[in-house]
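Thanks for coming. Please look at the sequence and the model first.

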Amino acid sequence: MFDGLLTITVFLPAAVGLLVAIFARGENSDHQIRWISIGATVVTFVLTVMVFVGYDQDLAGVQMIDYLERWIPIDALRSSYLIGVDGLSAPLVLLTGILGMAAALGSWRIKKRVREYFMWLLLLQTSVLGVFVSLDLMLFFIFFEFELIPMFMLIAIWGSGRPRYSAMKFVLFTLTGGAFMLVGILAIYVTPGVNTLAMVSIPELGIVGIPELIAGADLVVPASLIFTFFFIAFAVKLPLWPVHSWLPDAHTDAPTAVSVMLAGVLLKMAGYGLLRISLGFFQETKGFTIHDVAGYMAVVAAISVIYGGIITIRQTDMKRLIAYSSVSHMGFVMLGVAAVGSSAAETSTAGLNGAALQMFTHGTITGLAFLMVGLSYDRTHTRHIPHLGGLWKKMPLIAIFFLVAGFGSLGLPMLSGFVAEIMIFLGTFSVWPWATGVSAFGVVLAAGYTLWMVQRVFFGARPASPGISDEVYDNLTDANWVDMIPVIALAAPIFIVGIWPSVVTDMFDIGIQAVVR
Amino acid sequence: MTAQDFWVLSPEIAMAVLALVVISVDLVTRSMAKVSTVAFIGLAVPVILTLNLWNGWFGDPATGPALFDTFEADRFSLFFKFILLTVTAGTILASAKYIASDRMKDYGGEFVSLVLLSVTGMMILVSATELITIYVALELTALPVVALAAIHRSKQGVEAGTKFFVLSAISSALLLYGFAYIYGYTGSTNLHVIMERLAVLPTQPGVPFGSYAVLLSVIMIVAGFGFKMAVVPWQMWVPDVYQGAPTPVAAFLSVASKAAAFAVIMRIMYVAFGDANLMQDWSGLFAILAAVTMTLGNTLALSQSNIKRLLGYSTIAQAGYILVGLASVPANQVGATSAGAGPQGVLYYLAGYAFTNLAVFFAVIAITSRTNDDSIAGLNGLLKRSPLLAGLLVFGLLSLLGMPPTVGFMTKVVVFGAALNANLTWLAVIGVVNTVIAAYYYLRVIRAIVFEDAVDESKFSADKPILVAAGLAAIGAGVFGLAPFLMLDLAEKALSIVPAMITG
């Protein structure tokens, strides 16, 4: 079976990136490279919309499958090229399409080594899309790890501050997590009775996936250990306290568009993995199920939410502040997943749906926030909050959309963040009232740090000893139409999902129902 | 000798003759270009003869025991002969310009023929099924390398040569000691006979390997070959020799010598000590060696500032990963993958490693021969100075690191999977943790190449032959990474020596 749409969607950015890198030459090629690369992300966006819309919700299951059975047809590692989307991955594919386009548009002003920059950015998009559509564990792992190379280059070459240190830290953290995941994958694969790498069952192709086979199988390594291996990988990537420390560095030093991609979709690879693998595989394993540890997950989630929130308030660098807020927000994803400890199906699916939706909304909201920081920084050349103030008069558009991101982040009703968080609380409260109750203060903290920052940067009077000279201040300009395209592209989903959540929640629900059996 | 003996031994004979031809050509023409050309084209003969033994082109390839049961050209040995011949071809290509340089041109012919002689020894070594033959082949392998390491007659070169000579002598002594014990205990030097005798000799319960004599002999044998495999704690010579010896020699040593040593240790272990109980015992020994080797090799590599020393430590670490495959014996199988996953992984790993490491070393040779600077800082800004070489080197390093989807990643996956299959979860975990440690120093080199600014911005490119050699090696690494089954199928066919593979 080979539908082809997904394969094209996934590999189009990489193909364009590589072709451009190889063939674009000459004095004025930079401008063409920008246009071609942006064009590629726009086409990819259209393709992801086609994937999202084309998914038949009545039919459910895995759709748009591309399958080549004999990719690595040897006994020691029987791996197939198997990609497809279901309700869980389709919205994330769409999210990657949106953010990939926003990131490419937001890179308009990159001047340094343009050809390489767009090549890496496009390769990054391909690897993220690949993670979301892979249904073969080895393929999943390869995409999951491959993303490190573009990220390493993007942060280290085009970053600011201490880019090389941050890039290295990012890679080492993720690689450690990935290494553990690899052991987990192999342990599942070599187990008698499993001996497959298919992540889901696809009846029409005769594929029986790990979730079914692993139930009751005698794993060669204790199931709790395998679960831990996967969990470490996802906890690093999400990131959860106490393995989050790479995130603020990577974000602070990365160029704007890369921050957008990192917060917007790269962290979601971990959330997706939690749902698809940690939850999907470990419900009926022998001697261990995910329900056994849901309580611990709730506790770690609560710590991440509160710890992340408190640290965030203290930040004086705008970008670092938003980076830490991600720790807090991704803690909510973990909290939603912890709802699986509930015995009642409706509460646990509410929490899980909330977690999935939180991934989507955090992608757009935080992506928008980073974009706005980038626009502001381009003009003021500082991100140090005490140096700023009174920017509202000079750049009202930037201020407004910064506020949109801020309100989305603190969970204002009618914006998408509210829907996700309320679903998580509803799902998790009956199971883990204490952890949920504590985490609810995360919302208060979020209100504190976002509003306080917006107030200091945009509204308050200019500080007595401003970091930007009067001359610079007087010449500040607002965002122009080129800047506004990616902003609108990210702001629109925040409103749409806030007002009409079922656009994506119906979809996620199909996916979640299939994962929870 | 019978006609069959000649057939079975034909690649080795061709190799030895080639060495003599090369030195004669050198005598007549004194043109290093001709020497290299003759050697490279002449390699076609042993390659064709080896292919003949594998495929049986010229009639039935009677590859069974020959030369009074001391030698066997089975597919296992042929697999390694292909690797060795590939490495030789690469080495000759890569050293073409080197031997034509001013300080080398008087010894160029000797250089090439010494390489060929050493390879002849290795080819005999991987086929030998008898302890004395193994020993003699080993000496033939090592002595030319001593001369190669010291061929510059510089202070460093002589030091490297002396070091290598002394340590080879010690390792040979250990080996002979081990051989003597096993001969004394079983009364035979033939590996097959040793296995038969061990099966009937009485065993002491509670003693590893059933008796102290066998235990001692196995430890001595492993120690002896440990030097050649560059396994901790017998690794001390590696960085010094790699740094001191000419880089083409280091490249040759790091791949060919290692592959041959792994081949012979596999054969001894699987053929002479292939009983299921014995297998479990030596599996434990190799598992510990693997853990120590990986960890120490990687940790020591972290602080290196010389690229050749760093690669020296990196090859030690790589030997550790290969040992993981060696420790994953069929007798311990708990998983569902085929029982031969461990030995198959060793073969795949060695083949993938050969291509990758050659690409890296050749790129380094090409670069340092232009910059005359073998510190890591000397690689700064290489991407701007020589994009092609920089690309090759980065690709090779990513593969050594094990970044998907390179061959380095695939080989590690197969080897670690085999470890889990053989109930060695702890070893697999240590292995993957090590790949992360290793990432740090490989990335440090990549960082220098890609991000740092060069002091000297002048552009340069490499000589054609070495570029071709490095490019082909990289292409090999790429192909076997994207299409692992090509190599794994061959490796599976080559598992004839593993007992579980013969019966099952």
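Before I name any helices, a word on the labels: helices here are DSSP runs of at least four residues, numbered from the N terminus. Also note that this is a predicted model.

I start with the second largest pocket. Its volume is about 610 Å³. Which helices of chain B each supply at least two residues of its lining? They are H5 (96-99), H11 (237-244), H12 (247-272) and H15 (341-371). H15(B) gives the most, with five residues. The lining has 26 residues, and those nearest the centre of the pocket are Tyr98(B), Arg103(B), Thr247(B), Thr368(B) and Ser369(B). By class, the lining divides into nine nonpolar, ten polar and seven charged residues.

Next, the contact between the two chains. Chain A puts in 40 residues and chain B 41 residues. Together they bury about 3500 Å², and 81% of that is on carbon and sulfur atoms. On the chain B side, the residues that lose the most area to chain A are Leu420(B), Val436(B) and Phe451(B), together 17% of what that side buries.

How many salt bridges are there between chain B and chain A? The count is one. It joins the side chains of Arg164(A) and Glu452(B), with 3.2 Å from N to O. On the chain B side, two or more residues come from each of helix H17 (387-401), helix H18 (407-421), helix H19 (425-450) and helix H21 (484-493). H19(B) gives the most to that side, with 14 residues. The residues of that side divide into 29 nonpolar, eight polar and four charged.

Rolling a probe the size of a water molecule over the atoms shows where empty space is left. The count is eight cavities of 30 Å³ or more.

The largest cavity holds about 130 Å³ of space. Its lining has 15 residues, and nearest its centre are Glu145(A), Leu182(A), Leu401(B), Gly402(B) and Thr435(B). Helices H5 (137-146) and H7 (163-190) of chain A, along with H18 and H19 of chain B, each supply at least two lining residues. H7(A) gives the most, with four residues. This lining has ten nonpolar, three polar and two charged residues.

The second largest cavity holds about 110 Å³. It is lined by 15 residues, with Ile322(A), Ser325(A), Ala369(A), Ser409(A) and Thr450(A) nearest its centre. Two or more of its lining residues come from each of H13 (318-338), H14 (345-380), H15 (396-410) and H17 (433-459) of chain A. Nine lining residues are nonpolar, six are polar and none is charged.

Last, the backbone. Most residues other than glycine have a negative phi, and most peptide bonds are trans. In chain A, the bond from Leu238(A) to Pro239(A) is cis, with omega near -10°. Pro239(A) sits in the loop between helix H9 (223-237) and helix H10 (246-253). In chain B, Val232(B) and Pro233(B) are joined by a cis bond with omega about 5°. Pro233(B) is in the loop between helix H10 (212-229) and H11 of chain B.

Where does Ala60(A) lie? It is in the loop between helix H2 (29-54) and strand E1 (63-74) of chain A. Phi of Ala60(A) is positive, near 55°.

Note on methods:
Residues numbered from 1 in each chain as written. Chains lettered and ligands numbered in written order. Predicted model: local features only at pLDDT ≥ 70, side-chain atom pairs only at ≥ 80, totals over all residues. Heavy atoms only, no water. Contact = heavy atoms within 4.5 Å. Buried area = accessible area lost by both parts, 1.4 Å probe. Salt bridge = Lys/Arg side-chain N within 4 Å of Asp/Glu carboxyl O. Nonpolar A, V, L, I, M, F, W, Y, C, P; charged D, E, K, R; others polar. 1 Å grid on protein atoms, 1.4 Å probe; cavity = no way out; pocket = protein on both sides within 12 Å on 5 of 7 lines; lining within 4 Å. Points joined across faces, edges and corners; volume = space filled by probe spheres on them.
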